[in-house]
Amino acid sequence: YNFWPERQLSVLVSTAADLTDTSAPPPTCFLVWIGGLTNGFLSAPYIYSLQRALSPSYGLVQVRLSSSYSGYGFGSLRQDAEEIHRLLSFLAALSQQQHPRTSSLSSLSSPTCVLMGFS
């Protein structure tokens with residue numbers, strides 16, 4: 001997904017079921033993995049293990065921020081925080097789209113999101 005087209009920021013959402021069952025329902029919760037320094041998609045050796053270990057209700061979110069890869073040092077913590085905030089808003093909208101108001105999530109304003117950092 002491209003969660004901020006103007007900044008060309010993207011996100012990869014995957015679940016444990018993606019590895020075995022393509023008919024599984026979309027996740028209702030998200031573990032947002034934020035790489036450190038020059039990290040980006042699939043840059044940590046444990047990503048697939050982490051994906052397999054997640055509960056079926058969780059999606060693993062890998063994000064590419066402006067500071068990812070060779071962008072390190074060209075931004076600020078404020079910029080990273082702004083981009084993470086935008087990502088969380090995107091995930092809330094995605095969850096509402098995938099789980100219509102008829103679901104048990106209709107009373108929630110946003111899905112559960114857990115942030116995990118790596119450095």
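This short talk walks through one predicted model, from its first strands to a helix and the contacts between them.

Let's start with the strands. Strand E1 covers residues 2-4, and strand E2 covers residues 9-14. They pair in the antiparallel sense, over two bridges. Look at Trp4: Leu9 in E2 stands opposite. Together E1 and E2 make a hairpin, with four residues between them. In that turn, Gln8 has a positive phi of about 55 degrees.

E2 has another partner. That is strand E4, residues 58-64. This pairing is also in the antiparallel sense, and it runs over five bridges. Here Leu12 stands opposite Gln62 in E4.

A quick reminder on strands. In a regular strand, side chains alternate between the two faces of the sheet.

Now the helix, H2. It has 22 residues. From first C-alpha to last it reaches 31 Å, close to the 32 Å expected at 1.5 Å a residue. Its buried residues include Ile84, Leu87, Phe90, Leu91 and Leu94. What do the buried residues of H2 pack against? They pack against E1, E2, E4, strand E3 (29-34) and strand E5 (112-117).

On to the aromatic rings. A pair of rings is described by the distance of the centres and the angle of the planes. The count here comes to four aromatic pairs. One of them is Phe3 with Phe90. This pair is tilted, at 6.4 Å centre to centre and 45 degrees between the planes. Phe3 lies in E1 and Phe90 in H2, so the pair ties together parts that are 87 residues apart in sequence. Both Phe3 and Phe90 are buried. Ring pairs also bring in Tyr1, making a cluster of Tyr1, Phe3 and Phe90.

Back to Trp4. Which charged residues lie over the ring? The charged end of Arg7 sits 4.1 Å from the ring centre. Arg86 lies over the face of Trp4 too, at 4.2 Å.

Stay with Arg7, please. Side chains of opposite charge can pair when their charged atoms come close. The model has two salt bridges. Glu82 forms one with Arg7, with the closest N and O atoms 3.4 Å apart. Glu82 is in H2 and Arg7 is in the loop between E1 and E2, 75 residues apart. Arg7 forms a salt bridge with Glu83 as well, at 3.1 Å between the closest N and O atoms. Those two residues are 76 apart. Shared partners join Arg7, Glu82 and Glu83 into one network.

Buried or exposed? Glu83 counts as buried, at 0% relative accessibility. Glu82 is partly exposed, at 38%. Arg7 is partly exposed too, at 31%.

Technical notes. Residues numbered from 1 in each chain as written. Predicted model: local features only at pLDDT ≥ 70, side-chain atom pairs only at ≥ 80, totals over all residues. Heavy atoms only, no water. Pairing = 2+ DSSP bridges. Phe/Tyr/Trp six-rings, centres within 6.5 Å; stacked < 30°, edge-to-face > 60°. Buried < 20%, exposed > 50% of the residue type's maximum accessible area, 1.4 Å probe, protein only. Lys NZ or Arg CZ within 6 Å of the ring centre and 35° of its normal. Expected span 1.5 Å × (residues − 1). Contact = heavy atoms within 4.5 Å. Salt bridge = Lys/Arg side-chain N within 4 Å of Asp/Glu carboxyl O.
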